[in-house]
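Q: I am new to this structure and would like to learn how to read its features. May we go through them one at a time?

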Amino acid sequence: MTLTLTCVAKTYGSGPRALHPTDLRIETGEILSLLGPSGCGKTTLLRLIAGLEEADPGAEIRFGDEDVTHLPVERRHIGMVFQSYALFPNMSVRDNIGYGLRMQRLPRAEIRSRVEEVIALCRLEPYADRAITALSGGQRQRVALARAFAPRPRIMLLDEPLSALDAALRLALRDELAALLRSFGTTVIFVTHDQDEALAISDRVAVMEAGQIRQIGTPEELYRAPRSPFVAEFVGHAMPLAGARRVGGLHLAGGILPLPAEAGPGPVYVRAEDLRLDPHGPLRACVDSVTFLGTHYRLGLSALTDQRLYALHHGQSAPRVGEAVTLSIAPEALICLPL
Amino acid sequence: MKLLTRYMPLAVTLLACAFLLVPTLQSVLAGITANYFRGLSSGLTLKWVGEVWGLYADSILLSIWLALACLAVTLLIGVPAAYALARAPGRLSRVLEEFISLPLAIPGLALALALLQLYGAQQGFRAHWSFILVGHVLYTLPFMVRAVQAVLAAIDLKTLEEGAASLGAPPWRRFVDIVVPNALPGILAGSLTVVTLSIGEFNLTWMLHTPLLKTLPVGLADSYASMRLEIASAYTLVFFVMIVPLLMAMQWATARAQRILS
Amino acid sequence: MTARHFGTLCLLPLLIFSLAFLALPLVRLVLSSAAGEAGWGIYLQMLQKPRYLSALAQTLAVSAAVTVVALAVSTTAGLYLARNRFRGRAILLSILTLPLAFPGVVVGFMIILLGGRQGLVNQITPGHLVFAYSTFGLFLGYLYFSIPRVLLTVMAAAEKIDPALEEAARSLGAPPSRVLWDVLLPALRPAMVAAGAIAFATAMGAFGTAFTLATDIDVLPMVIYTEFTLSANFAMASALSIALGLVTWSVLLIARSLSGGAVASGG
């Protein structure tokens, strides 16, 4: 099911716009995440697609050929996974999963067989007759997913489905969730504030800020070719290299950085993993802090630009605080943004 | 059908409001109307309220006095007890809590009978206002204990106390400096509840009172049985004027204490 | 002084007070119920005398009816007020909680003003309808003080329901009526059990309202009162009080075990 949004905007009461007019097209079977900090409008956009909020006049939302702009949520035939999971505590796991099918008034036998099918798909067999309160966080997440998927929705909408879990579990379930969503084969829209989640799960990511989609593309595109400082900083924590453009390259406080020939006049960014200690490097900096993180050291550097930068250092030993170091950056690792 | 499901809840709400409000307004109006049967055209007057004051000033003042005394006693007994119960949660504490909450579960009439049969023969006590006070404390004490306990359970009492103890504060200083100030929202909510309930208490008081010691609600019952409608209404009006602000303050304080908790 | 001693000291006033004025009087009440001619057989007598049995039955019937109607009215109004924001909502809410602080006598007077001989209904209807002193009047009186209590409990629970639950049901295709039956009412069930138990226990033990209305039906508290003051039958009054207290206390206890601890006060 393709999803087409045209000029979809949302204003709450007389307040500022929560979502500026947005156009978006999502192909059948595609997994798209909406990524952004809290308050960026990503959940509003999701709820507009679900039909839980009504868009400002002038919007059009199409599921395939059907215009659903004015359909209430219960008639849009979507599957939604809520941040809190919103499992019905008065029903068993099986009854939760079968609820959407019961609402479609399917014959009992069919409901039963489809529920069993989904239970097996989500590997919930041992828990099928348990009460919701007897499930762990990870199990609840799978039940929520199974419940949303059981009625074979046209589109699956997931609102921060991993954020209710603790950090260790979140990592483990991320890949499992990605695999399950792929096996469903439906169109999926996935809201998250965690860039790792977005990059790991989706085919395309829409980065949102202040009620607008700033950039949309595959995870690699966003990571390697961000088009704005916000996207560069939010996806992969790129750091700005502030300096003057003159002959020879970028003149920083700690030295002159040669730029590739094709670099435009826009700001230049670099990621911590690309800032390398190099005895012959062109840049000088002073080590401010050294944090040992197991696989690598994280060095805080001053005097390279007027703001503190970080470098990841792989090696058996690290420079000491207060030491002066020289650094280099591979030209292909520089992120040159358009103006 | 659609109309029914949409407007039925509103209709029920409005109907319930009317049921509760109409007689209240009637009684307010009757209390300030010169002649209730001739209606408002007979003019508005404060004559009836004046007569009520002449007839029942003693019972009104006694009720205020009892409410304040009841507040003092529930504070003295309830706040330290709530602290002790919050510090030592366990079976014994729960049993004790359950026991002091019995006056909420058992009808006031039964409690009054129990008190009368044990202490009724001691004339000095039986005829003294403190006998009614005992009934009021019995009924209001669980409210004070619970209000304070709820606040103490929500703040991290143990750590706060350990902090104070590590700085050298002995137990009674910790109670005065740490526990009481932090429990103040609960104490305020509990206090307003105690005063409101004490002023309105009838079930116990009717059995415990003597002809010389009538509280406001006892006086109300008396006026309903034997006075003309205007005087009964005017007396009810006086009661409303006292109780409604208290009720509103009580709801405000309870909501405030709950906001602090969450 | 150690912390433990201080804790005991804090509890001491409460222990003394409840021993002297709660524990001992209740023991005395139990003993005096058996102090009559019949001894402990008085409890058997209580169950054999039609007057007491019918009073018990009537009290139970009125209380049960009040509980059902108060639950229906207050749940409807409470859900409506918890889920809608509109002008005047605060006023409606204050009106609905106003009678919380009214003692039973005042509630009785309110019913007289509505349905008494000089009441509103009698004045505006041609048929001269007087219902204040009947069972129906008593029922209305109990309803009057039950509505606010039930409403507050239900509303507090309604406001705690996760809005995502309702959205989830709707996203699965549930129309509003199914949302009510499958999500809202199950979520309110513990609060309704709790509030219903409080309404029932309060109605069972209510004295002031029946006293003011001087109803022509015998409810248990009125029977206890007349046994004690008019007939001076202390043993029977005590026995009936104990029976009544046991009924209300156990209703609250059962409700609490059903609703998971939400039942607090009998008021």
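Q: How many residue pairs are in polar contact between chain C and chain A?
A: In this predicted model, five residue pairs, both members at pLDDT 80 or more, are in polar contact between chain C and chain A.

Q: Which elements of chain C give two or more residues to the side that touches chain A?
A: They are helix H8 (163-171) and helix H9 (176-205) of chain C. H8(C) provides the largest share, seven residues. By kind, the residues on this side of chain C are ten nonpolar, two polar and five charged.

Q: How many salt bridges cross the interface of chain C and chain A?
A: The rule finds two. One of them joins A:Glu74 to C:Arg170, with the closest N and O atoms 3.0 Å apart.

Q: What area do chain C and chain A bury between them?
A: The figure is about 1600 Å², with 63% of it on carbon and sulfur atoms. In terms of residues, 17 of chain C are in contact with 21 of chain A.

Q: Is A:Thr187 buried or exposed?
A: A:Thr187, in strand S8 (residues 187-192) of chain A, counts as buried because its relative accessible area is 0%, and the cut-off is under 20%. Its side chain reaches the backbone nitrogen of A:Gly29 at 3.2 Å. The residues that A:Thr187 touches include A:Met1, A:Ile26 and A:Arg154.

Key
Residues are numbered from 1 along each chain as its sequence is written. Chains are lettered from A and ligands numbered from 1 in the order in which they are written. This is a predicted model: local features need pLDDT of at least 70, side-chain atom pairs count only at pLDDT 80 or more; totals for chains, interfaces and linings use all residues. Side-chain values use heavy atoms; hydrogens and water are left out. Helices (H or I, at least four residues) and strands (E, at least two) are DSSP runs, numbered from the N terminus. Buried means under 20% relative accessible area, exposed over 50%, partly exposed in between (1.4 Å probe, protein chains only). A polar contact is a pair of N or O atoms within 3.5 Å; within protein, one must be able to donate a hydrogen and the other to accept it, and residues adjacent in sequence count only if both atoms are side-chain atoms. Contact means heavy atoms within 4.5 Å. Buried area is the accessible area (1.4 Å probe) that two parts lose on being put together, summed over both. A salt bridge is a side-chain nitrogen of Lys or Arg within 4 Å of a carboxyl oxygen of Asp or Glu. Ala, Val, Leu, Ile, Met, Phe, Trp, Tyr, Cys and Pro count as nonpolar, Asp, Glu, Lys and Arg as charged, and the others, Gly among them, as polar. Lists of a residue's contacts leave out its neighbours within four places in sequence.
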